[in-house]
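Keep the picture open while you read.

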Amino acid sequence: MPDAPASVARRLVFSDVDETLLSGKSLFDFLDFYFAGRHGTEGARHAAETRRRIAGMVAAGSPREAGNRAYYEAWRGEPLDAVTDWGVRWFARSSRTPGFYVPAVRGALREHRTAGDHIVLVSGSFPAVVDPVAADIGARHVLCTRPEVREGVLTGAVVGEPCIGEGKRRAVRGLAERYPGISLSECYGYGDHPSDLPLLTEVGHPVIVGGDPELVERIPDARVLPGAGPV
């Protein structure tokens with residue numbers, strides 16, 4: 001996505017994607033959509049097995065970063081062009097579904113844009129999923145996990161670290177360096193899960209979406225917005 005000159009931004013507004021801006025978990029929704037749609041029954045089975053593997057890792061106490069890496073392993077051998085194309089198809093279908101966006105967050109980001117702020121999506125998801133969302137809401141930057149690609153094919157590895165937990169903090173700091181006239185103490189951050197804590201504590205105006213008890217306890221002065229609720 002093209003970046004506008006840093007000088008025209010009033011502030012930076014960082015937003016998590018899954019269950020913050022979007023009501024669901026785009027990573028797994030897209031996993032099912034792509035593999036079942038492109039590979040049929042075998043693809044659907046592969047997606048289901050990937051879900052079970054990651055759920056087992058989470059139940060065993062593995063960090064979310066490990067689950068994120070396991071997710072991208074499932075894409076080994078898939079052509080980047082096909083994945084990108086199916087990401088556009090996924091968004092076209094999903095964005096027509098009522099409740100795709102969390103209304104309170106979508107509205108807040110619209111207000112930020114109108115005020116001259118630059119919207120930044122920060123996600124453990126990947127460009128095939130996040131880029132169409134960013135284009136739709138007018139985000140200036142996408143900070144996300146980047147799958148490794150060789151000769152146009154996903155290898156199953158990621159470039160650098162997943163954009164999860166502390167990875168989000170480092171990504172936020174890295175982008176902020178490109179805006180020397182803006183202090184992170186002036187910026188906003190939106191997140192829903194304790195793994196967003198590094199993002200939320202990096203900015204001066206944290207916003208908790210959905211009222212997670214741990215986040216509310218850790219950041220008692222944060223603003224709280226309603227989440228998606230049952231979907």
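Let's start with a pair of helices: α1 passes α2 in a right-handed crossing. This is a predicted model, by the way, so treat what follows as a description of a prediction. Two packed helices are described by the angle between their axes and the distance between the axes. For α1 and α2 (residues 64–73), the angle is about 155° and the axes are 9 Å apart. Because of that angle, α1 is roughly antiparallel to α2.

Who does the touching? On the α1 side you'll find Leu27, Phe28, Leu31, Arg53, Ile54 and Met57, and they meet Ala66, Gly67, Asn68, Ala70, Tyr71, Tyr72 and Glu73 of α2. Sorted by class, this contact has 9 nonpolar, 2 polar and 2 charged residues.

Now look at α2 by itself. Its buried residues are Gly67, Asn68, Ala70, Tyr71 and Tyr72. The partners these buried residues pack against are α1, β4 and β5.

Helix α1 has another partner, α3 (residues 80–94), and α1 passes α3 in a right-handed crossing too. Here the packing angle is about 115°, with the axes 10 Å apart. That angle is why α1 counts as roughly perpendicular to α3. From α1, the contact uses Ser26, Asp29, Phe30, Phe33, Tyr34, Gly37 and Arg38, while α3 brings Ala82, Val83, Trp86, Gly87, Arg89, Trp90, Arg93 and Ser94. By class, that gives 7 nonpolar, 4 polar and 4 charged residues.

| Helix pair | Angle | Distance between axes |
|---|---|---|
| α1 and α2 | about 155° | 9 Å |
| α1 and α3 | about 115° | 10 Å |

Next, the inside of the protein. Which members of the largest nonpolar core touch the most other members? Out of 49 residues, they are Leu21, Phe30, Tyr71, Trp75, Leu121, Phe126 and Tyr190. Helix α1 (residues 26–59) gives the most to this core, 10 residues. There is also another core lying apart from it, made of 22 residues, among them Leu175, Tyr179, Ile208 and Ile219.

Leaving out residues up to four places away in sequence, Phe126 touches Leu27, Phe30, Tyr71, Tyr72, Trp75, Val83, Cys144, Thr145 and Pro147.

Another residue to look up is His112, which lies in helix α4 (residues 103–114). Is His112 buried or exposed? Its relative accessible area is 8%, so His112 is buried, the cut-off being under 20%. With residues up to four places away in sequence not counted, His112 touches Arg11, Val13, Asp117, Ile119, Tyr188 and Tyr190.

Finally, a look at some backbone angles. Most residues other than glycine have a negative phi. Glu19 isn't a glycine, but its phi is positive, about 65°. You'll find Glu19 in the loop between β1 (12–15) and α1. Its relative accessibility is 34%, so Glu19 counts as partly exposed.

Glu151 also has a positive phi, near 50°, and it isn't a glycine either. Where is Glu151? Look in the loop between β4 (146–150) and β5 (153–159). Glu151 counts as exposed because its relative accessibility is 85%, and exposed means over 50%.

Conventions: Residues are numbered from 1 along each chain as its sequence is written. This is a predicted model: local features need pLDDT of at least 70, side-chain atom pairs count only at pLDDT 80 or more; totals for chains, interfaces and linings use all residues. Side-chain values use heavy atoms; hydrogens and water are left out. A nonpolar core is a set of buried Ala, Val, Leu, Ile, Met, Phe, Trp, Tyr and Cys residues joined through side-chain atoms within 4.5 Å. Buried means under 20% relative accessible area, exposed over 50%, partly exposed in between (1.4 Å probe, protein chains only). Helices (H or I, at least four residues) and strands (E, at least two) are DSSP runs, numbered from the N terminus. Contact means heavy atoms within 4.5 Å. Axes are lines fitted to C-alpha atoms, for helices over the stretch in contact, and angles run from 0 to 180 degrees between N-to-C directions. Angles under 35 degrees count as roughly parallel, over 145 as roughly antiparallel, 65 to 115 as roughly perpendicular and the rest as oblique. A crossing is left-handed if the near helix is turned anticlockwise from the far one by less than a right angle, and right-handed if clockwise. Ala, Val, Leu, Ile, Met, Phe, Trp, Tyr, Cys and Pro count as nonpolar, Asp, Glu, Lys and Arg as charged, and the others, Gly among them, as polar.
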